[in-house]
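Thanks for coming. I have one structure to go through today, and I will keep it short.

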Amino acid sequence: MNRKTEYIKKINVSKPLKLDCGKTVKDFPLAYETYGKLNENKNNAILVFHALTGDQFVAETNPVTNKEGWWVTAVGPGKAIDTNKYFVICANVIGGCMGSWGPSDESKETNQPYGLDFPVITIKDIVRAQESLLEHLGIKKLLCATGGSMGGMQLLQFCATFPDKSFSAIPIACSSSHSAQNIALNELARQAIMADPVWDSGKYFLKDTQPKNGLAVARMVGHISYLSEQGMQERFGRKLQEKADYEFSFNADFQVESYLRHQGHSFVERFDANSILYITRAMDYFDLSKQFKGGLVEAFKNQKTKFLIISFSSDWLYTTKENKDIVIALNASGADVSYSEIITDKGHDSFLVNEPEFLKTLKGFIDSMYEKFKNEKRI
Amino acid sequence: MKKEFKVIANLLSNNTRVLDVGCGDGSLMNLLVKEKNIEVRGLELEKNNVQECIYKGLPVIQGNAETELSQFPNQSFDYVILSQTLQAFYNPDKVLKELLRIGKSVVVSIPNFGYWKVRTSLLFFGKMPVTKSLPNKWYNTPNLHMCTIKDLFDYCDNQNINIKKVIGLNEDSTSLINRGNLELKNFFSKLGIFLIG
């Protein structure tokens with residue numbers, strides 16, 4: 001991977017951060033990007049948390065990969081999260097590979113990339129590492145924080161850890177603890193990487209290479225889980241890939257095979273295999289109720305944040321039921337919570353694609369929260 | 001019916017917590033927030049209504065009151081409101097008990113099947129009544145369990161549910177209903193609004 005690092009904005013987090021694993025770290029880089037302008041009253045800031053394979057480049061063109069930002073459907077001028085109106089911030093998670101402190105960084109002790117010497121991090125560590133960024137940008141209280149999938153999990157953690165840092169919050173298609181099925185799928189991804197001999201116990205960087213085959217399979221697993229059964233059937237069915245009949249070989253005869261292979265192989269150009277191990281581990285360890293005696297209701301106690309939970313009917317990775325459990329806990333703790341289920345066949349991916357009902361809901365909520373937040377500040 | 005919402009709003013104390021079950025597009029919630037500084041929550045089944053509420057900045061949960069009231073803790077609201085939907089549930093008895101569990105008080109309004117126009121429709125024309133408050137035909141009505149003001153009165157008495165106040169509504173005029181004037185009011189009120197619990 002060649003990183004065009006000149007495009008990556010970073011802060012140095014000098015404040016010591018005690019990780020959940022017990023280690024304390026300080027002076028580590030946190031990469032971020034912003035879109036739009038922070039207004040004079042500093043009340044138009046929206047923090048976005050990215051998902052497993054996302055990065056800080058939410059909108060426009062990702063200057064490192066030259067591809068579209070991962071949430072261009074929702075974020076940009078005139079879009080649901082309108083950057084003409086709002087100041088959008090996103091940080092690369094620690095453990096990641098787009099400029100924030102991660103396993104591909106050089107360790108100060110060995111002058112070599114960490115590899116598996118990188119500490120095992122948690123969603124809580126990831127979220128706490130981002131606090132300094134808000135300080136750096138001079139934002140005391142966010143208008144809104146949002147994120148889908150692992151981004152939603154970070155957001156729930158953010159609200160539980162900092163109950164007064166955001167006026168409103170939109171966790172999308174996520175869960176308050178990783179289910180057995182989700183852990184199993186992550187384990188499949190990790191085992192695919194570890195089974196690739198190039199991985200070499202995480203030391204592939206010594207040979208300046210990547211366990212491409214394993215990482216590609218890991219990505220394919222992910223892509224299957226992001227689509228719904230119906231969506232996949234409608235999109236691919238049994239259609240053949242640029243051929244009239246079966247080839248009687250193991251080449252990609254079917255379109256769905258070709259799609260997965262393409263997704264897998266383009267992914268290895270932009271993502272570090274060890275980062276996948278670390279970030280999926282952080283997701284698996286996530287269990288918000290475990291952090292609070294008395295469970296999830298206790299986690300959301302004294303919440304001033306106004307929540308909107310959104311789930312997608314065909315999402316089998318983070319189901320409507322799991323999202324509703326968050327709503328129930330928020331209700332039980334007396335929090336201000338709205339909930340909407342979007343009916344779609346686009347599966348877990350729904351929040352990333354053009355899903356008009358979802359985007360309308362997102363926009364309607366954020367705009368109404370902005371009006372409220374402005375008025376509250378005046379009082 | 002705007003008048004109904006005003007009557008309901010007048011029944012509630014300021015600065016309280018209210019759950020509006022079947023909150024529609026949030027009109028009543030909006031009124032309660034603006035005029036009574038009430039902290040509102042809504043539960044609504046219909047997708048478009050849910051979105052309307054969200055656009056207005058009103059907290060609303062998409063869900064079915066028939067099956068999803070269990071998510072709200074005991075006595076977690078000062079009032080729970082159910083406006084003209086009791087008759088549409090499969091099991092109104094169960095729903096009412098749930099409302100009384102969640103709210104310290106419950107406001108239930110019903111289209112009165114004892115209203116004289118409804119009675120005469122069946123008596124003189126031998127047809128199921130179609131009125132302004134009951135606009136559907138027998139084959140497409142969502143109303144499964146129609147009742148009269150007197151029925152709900154009797155129900156509360158039989159179930160030992162405390163009736164705090166009952167208001168009859170006919171166009172723009174309202175009147176208090178009690179056991180003494182029940183027969184008359186049950187004949188002339190289009191809508192009954194009960195404060196119970």
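Predicted model: local features only at pLDDT ≥ 70, side-chain atom pairs only at ≥ 80, totals over all residues.

Is Glu376(A) buried or exposed? Glu376(A) has 11 other C-beta atoms within 10 Å, and the cut-off for exposed is 12 or fewer, so this residue counts as exposed. For a sense of distance, take Phe312(A): Glu376(A) is 64 residues from Phe312(A) in sequence, and their C-alpha atoms are 32 Å apart in space.

Now chain A as a whole. Chain A has twelve helices and twelve strands. Its radius of gyration is 21 Å, close to the 21 Å given by the globule rule for 379 residues, so chain A is as compact as a globular protein of that length. Along the principal axes, the C-alpha atoms of chain A fill a box of roughly 70 × 50 × 40 Å. Of the 379 residues in chain A, 49% are buried. As for contacts in chain A between residues at least 6 apart in sequence, 71% of them join residues at least 24 apart.

Next, the core. How many residues does the largest nonpolar core have? It has 160, and the residues with the most contacts inside it include Ile46(A), Leu143(A) and Val80(B). Domain 1 (5–178 + 287–378) and domain 2 (183–279) of chain A each give this core at least three residues.

Last, Val80(B). Setting aside neighbours within four places in sequence, Val80(B) is in contact with Leu19(B), Val21(B), Leu99(B), Ile102(B), Gly103(B) and Val106(B).

Methods
Residues numbered from 1 in each chain as written. Chains lettered and ligands numbered in written order. Buried ≥ 20, exposed ≤ 12 C-beta atoms within 10 Å, placed from the backbone. Core = buried A, V, L, I, M, F, W, Y, C linked by C-beta atoms within 7 Å. Domains from an automatic or database assignment. Contact = placed C-beta atoms within 7 Å. Helix = DSSP H or I, 4+ residues; strand = E, 2+ residues; numbered from the N terminus. Rg over C-alpha atoms; globule rule 2.2 N^0.38 Å.
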